[in-house]
Amino acid sequence: MAGRPKPDRLSRPVGTITRGTTGVNRLRRSDRWLMNDDLVRTRLRDAPDPLVVDLGYGASPWTTFELAARLRTVRPDVRVTGLEIDPQRVVPGRDGVTFARGGFELAGLRPVLVRAFNVLRQYPESSVAEAWATIRSGLAPDGLLVDGTCDELGRRCAWVLLDRTGPLSLTLAWDPFTVERPSDIAERLPKVLIHRNIAGEPIHALLAAADGAWARAAPLAPFGPRVRWRAAAEYLRGQGYPLRVYRRRMRDCVLSVPWTSVAPNAWPAP
């Protein structure tokens, strides 16, 4: 019919194809956090439609299957869809997980949770605000977005949690036995912060303070890095940093603060 847009223009994904690097169990630290975070659990359990999108899962969908299996411990009927902008990476669904072509527009879906790991890292910093806004506009009313980055083995991770109003928190998580000090996570900060780790920016001040607290807790090193980090985190709280307190013992070293503690100067970015 004359004047009707072509179907491919209606469904064209928003974004660009990224490298697609992935690996089995690479996102385990963020998955564990999602399984145990009170806000994420509440939103997932209360959702009328428990749809979760794994955005930009990469060349292989292993981490999407892992996400589905872990979130089913929170809500057994969770539905997970992996989206990839590269049509050659879209694979047949199985084990209750589906795959489709899509980008920041979420292929028209309305998920309660979107995980976008190692996606925006490959974009310029100036693209972050617009990408966030596009994803957030497609969320369910109580939906959440996790924008994160990790190293190739998943030993150093960092992510921002957002809802439809904007960013809520920053979380750093790392392997206690392979990271020497908290600031080693700086190289894996999300794109919105990785170029802000300079003097005068809040994220730089936080990482410097965390290193100082880690050094102060050195006498506890014989008891293991987890014990040492718990003491360091308590010292940071005493300095006025609003680190989140976790009720259970964590397998990882975890540092989580409200977004207001680390928001870049002159935020939002252009």
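Helix H5 (residues 128-137) lies across strands E1 (51-55), E4, E5, E6 and E7, and it runs at about 55° to E6. Helices (H or I, at least four residues) and strands (E, at least two) are DSSP runs, numbered from the N terminus. The model is predicted, so local features need pLDDT of at least 70 and side-chain atom pairs count only at pLDDT 80 or more, whereas totals for chains, interfaces and linings use all residues. Residues are numbered from 1 along each chain as its sequence is written, and side-chain values use heavy atoms, with hydrogens and water left out.

**The sheet and the helices across it**

- Eight strands form an open sheet with mixed pairing, in the order E3-E2-E1-E4-E5-E6-E7-E8, where two strands pair if DSSP finds at least two bridges between them.
- Strand E3 (97-101) and strand E8 stand at the edges with a single partner strand each, so one side of each is left without a neighbour in the sheet.
- The twist from one strand to the next averages 20°, and angles run from 0 to 180 degrees between N-to-C directions, with axes being lines fitted to C-alpha atoms, for helices over the stretch in contact.
- Helix H2 (residues 28-36) lies across E4 (113-117), E5 (144-150), E6 (156-163) and E7, and runs at about 40° to E6.

- Strand E2 (residues 79-84) pairs with E3 in the parallel sense over five bridges, and Thr81 has Thr98 in E3 as its bridge partner.
- Strands E7 and E8 run antiparallel and are joined by six bridges, with Trp174 standing opposite Cys253 in E8.
- Five of the six residues of E8 are buried, so this strand is largely enclosed by the rest of the structure; buried means under 20% relative accessible area, exposed over 50%, and partly exposed in between (1.4 Å probe, protein chains only).

- The 15 residues of H7 (residues 202-216) should span 21 Å at 1.5 Å a residue, and the end C-alpha atoms are 21 Å apart, which agrees; the expected span is 1.5 Å times one less than the number of residues.
- Among the buried residues of H7 are Ile203, Leu206, Asp211 and Trp214, and the buried residues of this helix pack against E7 (166-174), H6 (191-194), H8 (225-238) and E8 (253-258), where contact means heavy atoms within 4.5 Å.
- H7 and H8 pack at an angle of about 125°, with their axes 8 Å apart.
- That angle makes H7 oblique to H8, since angles under 35 degrees count as roughly parallel, over 145 as roughly antiparallel, 65 to 115 as roughly perpendicular and the rest as oblique.
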